[in-house]
Amino acid sequence: MARPPLTRENALRAAVRLADESGLEALSMRRLATTLGVEAMSLYHHVRNKGEILDGMVDLVIGEIASPRPATGWRTGLEEVARSTRTALARHPWATALLDSRSAPGPARLAHLDAMIGALRRDGFTVAATGHALALFDSYVRGFALQEQALPVPADGGIADVATDIMARQESMATSFPHLTEMATELVLRPGYAFGDEFEVGLAVVLDGIAGFAPQD
């Protein structure tokens, strides 16, 4: 089978796959070229350096995230963005720390941000209130994604096993840490508990807070 021609798009998508499979630290111009089956110098005809590759990778991930639709209200729009962002960052955990670190945002990033601002401005949020709302929203959604990625178990279950092990290793758990013991026994250790379920609870609280920035009737 003939190898597809080398293009900027192909190189960026290969870089995303490489980071997904091996982590961002595995990404280099040489490793990417090997993955694509080309000489490293061939890449420089399409991307100037690794920084440009990282910019393009972030833009590809942003392109997977839903943007608010003009026909929906701000709250519905942000709910969709939050869930879509969480899903995309679970697919590409390396991207979470990169989203705000790149200084050359691509067209997908700019369009997404413009749609986010537009959703709030259409419903009467002032420019300042829109800034407050987006800072709060992004901090929660991305912060939760980082926390999920750092958990020693999947966010959809298994944390009870970790909590049980911790309690078993601490003989005087109930005496030394009574509040922690209460939380573990009455919440975390109960059947069906999953940390990931906290996302929707927190999202509702955040959106209620953003509603406080909305124009008052």
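Biologist: Is Phe 125 buried or exposed?

Modeller: Keep in mind that this is a predicted model. Buried here means under 20% relative accessible area. Phe 125 has a relative accessible area of 0%, so Phe 125 is buried.

Biologist: What kind of aromatic pair do Trp 74 and Phe 125 form?

Modeller: Planes over 60 degrees apart count as edge-to-face. For Trp 74 and Phe 125 the centres are 5.4 Å apart and the planes make 75°, and that pair is edge-to-face.

Biologist: How many residues apart are Trp 74 and Phe 125?

Modeller: Trp 74 is in helix H5, while Phe 125 is in the loop between helix H6 and helix H7. The pair links distant parts of the chain, and the separation is 51 residues.

Biologist: What about Phe 144 and Phe 195, which kind of pair is that?

Modeller: Planes under 30 degrees apart count as stacked. Phe 144 and Phe 195 sit 5.0 Å centre to centre with 5° between the planes, and that makes the pair stacked.

Biologist: Where does Phe 195 lie?

Modeller: Its partner Phe 144 lies in helix H7, and the pair ties together parts that are 51 residues apart in sequence. Phe 195 itself is in the loop between helix H10 and helix H11.

Terms used:
Residues numbered from 1 in each chain as written. Predicted model: local features only at pLDDT ≥ 70, side-chain atom pairs only at ≥ 80, totals over all residues. Heavy atoms only, no water. Phe/Tyr/Trp six-rings, centres within 6.5 Å; stacked < 30°, edge-to-face > 60°. Helix = DSSP H or I, 4+ residues; strand = E, 2+ residues; numbered from the N terminus. Buried < 20%, exposed > 50% of the residue type's maximum accessible area, 1.4 Å probe, protein only.
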